[in-house]
Amino acid sequence: EGDGWQMLEPVAARADRGAVDDALTTIVTAKTDREIAAAPASLAEFGLDKPAAEITATLKDGKQLGLFLGSKSPTGVWVYARDRDKPAVFVVSESVLRDATKPVADFRDNTLLAFNRAAVTGLEIVTRDDTLVLEGGDRAWALTRPAALPADADTIADLLDKLATAKVKSFVAEAPRSLEPYGLERPVRLSVHTGKDKERATKSLLLGRVDAKSKGVYAMRPGESSVFLLPEDVWTALPKNVAALRNKVVVDFDRAKLARLDLESPKGKVTLVRESDRWRITAPEALPADQAEVGAVLARLRELRAQGFLSDDASGVPRYLARAEVRVALTAEGASEPTTVLLAPSPERRGGQPSAYAAVAGRGPVVLVDATALGQLARSVTELRDRRLLAG
């Protein structure tokens, strides 16, 4: 159909164009090596009384061509064959029998979801507990349901990459009497939207139980009867709640547009300004700055990720960060006010490791981050000054 193939029997399913074309090429280009018997007395001698395979090729004009394949020759290089409409027995390459007797699964399309990765504009994840809706594309994503929140572009990119490249591991069942053994009676539904408005198209996937032994997850496509097994990492990459989808970047800024950096910690206060793409210390005294050390502070700040959310806005700042231990103020070129990141020690632990509270002042949300950020962002003037003996 069109430029592809559809499997009609033994199951109705999409066929793998490459596999079908390869088999078709083998069959239609096969040559008769030699004739064995013009009028054989017994077809059983060649395994053609009960053929190992029967190939019927239907042409566009409706004409059909048939070929029977029997047993292999003693050397195994050839296979006995007969034209459906002629009595003569001849031999053709064994590769014809090989391609004609491949299992059904080899001819099925094992593509999970065929979609244009660059054209994705929305996602919907329906679990037993919630419905998560996202809109956006490329690196800009936002949750629109159950709450309007910035979404984590990295998490979404990882999911889309998995969906675009994942292949079906195996086809498990065709139209089973019950979907319960596969956890598909109440599945998680994932929908990928491409395009916008009238051009919008949707591809969906139903996900069921994880099979630890097979290291996979059972799945189906809506409207199809086949249950198949997917790699377990597809299930692992699927965000299942708001916390997994929320944007975990604590503070987003453009390093190239920064004009000033103020640090305040138990190690003192330090002010740096950027001039001609180089940083210099202006307080507590005028000193040349170590560009690598300043760059490390900014890099650590950009890498700061939330391990957990304690509030959705700035309302939690007075409770958790009234006595911030570290303050980092970032002032962009032309900005009237800086963006200030607050950090303080936290008694909570994540993954067995200590955490710290963090938030953007006046904006929030309050989050938990790795406690090592406290030490990495608390820098003294001595640590930030240029320590080269001979500069230039």
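**Entry 1: two cis prolines**

I started with P365, which sits in the loop between strand 24 (353–360) and strand 25 (367–370). The peptide bond leading from G364 into P365 is cis, and its omega is near -5°. For my own reference, helices (H or I, at least four residues) and strands (E, at least two) are DSSP runs, numbered from the N terminus.

Some ground rules before I go on. This is a predicted model, where local features need pLDDT of at least 70 and side-chain atom pairs count only at pLDDT 80 or more, while totals for chains, interfaces and linings use all residues. Residues are numbered from 1 along each chain as its sequence is written, and side-chain values use heavy atoms, with hydrogens and water left out.

Next I looked up P284, and I found a cis peptide bond there as well, joining A283 to P284 with omega about 15°. P284 belongs to the loop between strand 19 (278–283) and strand 20 (287–288).

Are they buried or exposed? I noted S276 as exposed because its relative accessible area is 74%, and D277 as exposed at 62%. The cut-offs are under 20% relative accessible area for buried, over 50% for exposed, and in between for partly exposed (1.4 Å probe, protein chains only).

**Entry 2: S191 and its partners**

I then went to strand 13 (residues 188–194), where S191 lies. S191 has a relative accessible area of 5%, so I put it down as buried. Its side chain makes a polar contact of 2.8 Å with the side chain of S204. A polar contact is a pair of N or O atoms within 3.5 Å; within protein, one must be able to donate a hydrogen and the other to accept it, and residues adjacent in sequence count only if both atoms are side-chain atoms.

What else does S191 contact, leaving aside neighbours within four places in sequence? I listed G122, L123, E124, T202, K203 and S204. Contact here means heavy atoms within 4.5 Å.

**Entry 3: T131**

T131 is in strand 9 (residues 131–137). With a relative accessible area of 16%, T131 is buried. Not counting residues up to four places away in sequence, I found T131 touching E124, I125, V126, R145 and P146. I also checked T131 against D154: they are 23 residues apart along the chain, and their C-alpha atoms are separated by 20 Å.

**Entry 4: helix 4**

At the start of helix 4, a side-chain oxygen of D152 comes within 3.0 Å of the backbone nitrogen of D154. I wrote down the buried residues of helix 4: A153, T155, I156, A157, L159, L160 and L163. An α-helix has 3.6 residues a turn, so residues three or four places apart point the same way.

**Entry 5: L24**

Last, I looked up L24 in helix 1 (residues 17–28). L24 is partly exposed, with a relative accessible area of 35%.
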